[in-house]
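Look at the structure first.

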Amino acid sequence: MVDTTRLTRAVDHFADRLRAAPQSRLQRSAATEALRLARELAQWAQVLEAPGVEPREMPDAGMFAAADQVTVAVHDLALVLESDEQVSEAVRLVEEAQKRAGV
C-alpha cells in the first residue's frame, strides 16, 4: 500500500480554501477549476479500478459542492494508487488546480 498522506493533505487544504472563498471567487473560476480537477481524478481512479470500462463523468453539483466533490475524488483515487510516482503526480495536479483557482 502506498502512503497517500501528502495527497489527502493537499486536497484538504484546497477544499478548505474553497469553502472559505467568497461566492464571487467561486463564480469566477474556483468552482469550475475544482470540478475540472474532480472529474479528472475521478476518471483516473475509475481507469485504475476498472480498466477497459468506460469511466462515468462526475456531475456538476453546483459551486457550493465543488470542495466536497474534489475531496471525494481524491479520496477515491488514493485508495487505488499504486506507486509513489502516482501520488506525486496527483499532488501536483491538486496544487496546480489550486493555483489556477486562485484560492
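This is a predicted model: local features need pLDDT of at least 70, side-chain atom pairs count only at pLDDT 80 or more; totals for chains, interfaces and linings use all residues.

Residues are numbered from 1 along each chain as its sequence is written, and side-chain values use heavy atoms, with hydrogens and water left out.

Q: Why is α2 called roughly parallel to α3?
A: Axes are lines fitted to C-alpha atoms, for helices over the stretch in contact, and angles run from 0 to 180 degrees between N-to-C directions. The angle between α2 and α3 is about 25°, with the axes 8 Å apart. Angles under 35 degrees count as roughly parallel, over 145 as roughly antiparallel, 65 to 115 as roughly perpendicular and the rest as oblique. So α2 is roughly parallel to α3.

Q: What is the make-up, by class, of the contact of α2 with α3?
A: Contact means heavy atoms within 4.5 Å. Ala 38, Leu 41 and Ala 45 are among the residues that α2 brings, and Val 70, Ala 73 and Leu 77 are among those of α3. By class, this contact has 16 nonpolar, one polar and two charged residues. Ala, Val, Leu, Ile, Met, Phe, Trp, Tyr, Cys and Pro count as nonpolar, Asp, Glu, Lys and Arg as charged, and the others, Gly among them, as polar.

Q: What makes α2 roughly antiparallel to α4?
A: Helix α4 covers residues 84–101, and its axis crosses that of α2 at roughly 165°, coming within 8 Å. That angle makes α2 roughly antiparallel to α4. The contact includes Glu 33 and Leu 37 of α2, and Leu 93 and Ala 97 of α4. By class, the contact of α2 with α4 has 10 nonpolar, two polar and six charged residues.

Q: Which residues does Trp 44 contact, leaving aside its neighbours within four places in sequence?
A: Trp 44 sits in helix α2. Beyond those neighbours, Trp 44 is in contact with Leu 77, Leu 81, Gln 86, Glu 89, Ala 90 and Leu 93. Trp 44 and Asp 76 are 32 residues apart in sequence, and 9.7 Å apart in space, C-alpha to C-alpha.

Q: Which helix gives the most to the lining of the largest pocket?
A: The helix is α3, with five residues. The lining has 13 residues, and Ala 42, Ala 45, Gln 46, Arg 56 and Asp 76 lie nearest the pocket's centre. By class, eight lining residues are nonpolar, one is polar and four are charged.

Key:
On a 1 Å grid over the protein atoms alone, a cavity is a set of points where a 1.4 Å probe fits but cannot get out, and a pocket is an open set with protein on both sides within 12 Å along at least five of seven lines; lining residues have an atom within 4 Å of a point. Helices (H or I, at least four residues) and strands (E, at least two) are DSSP runs, numbered from the N terminus.
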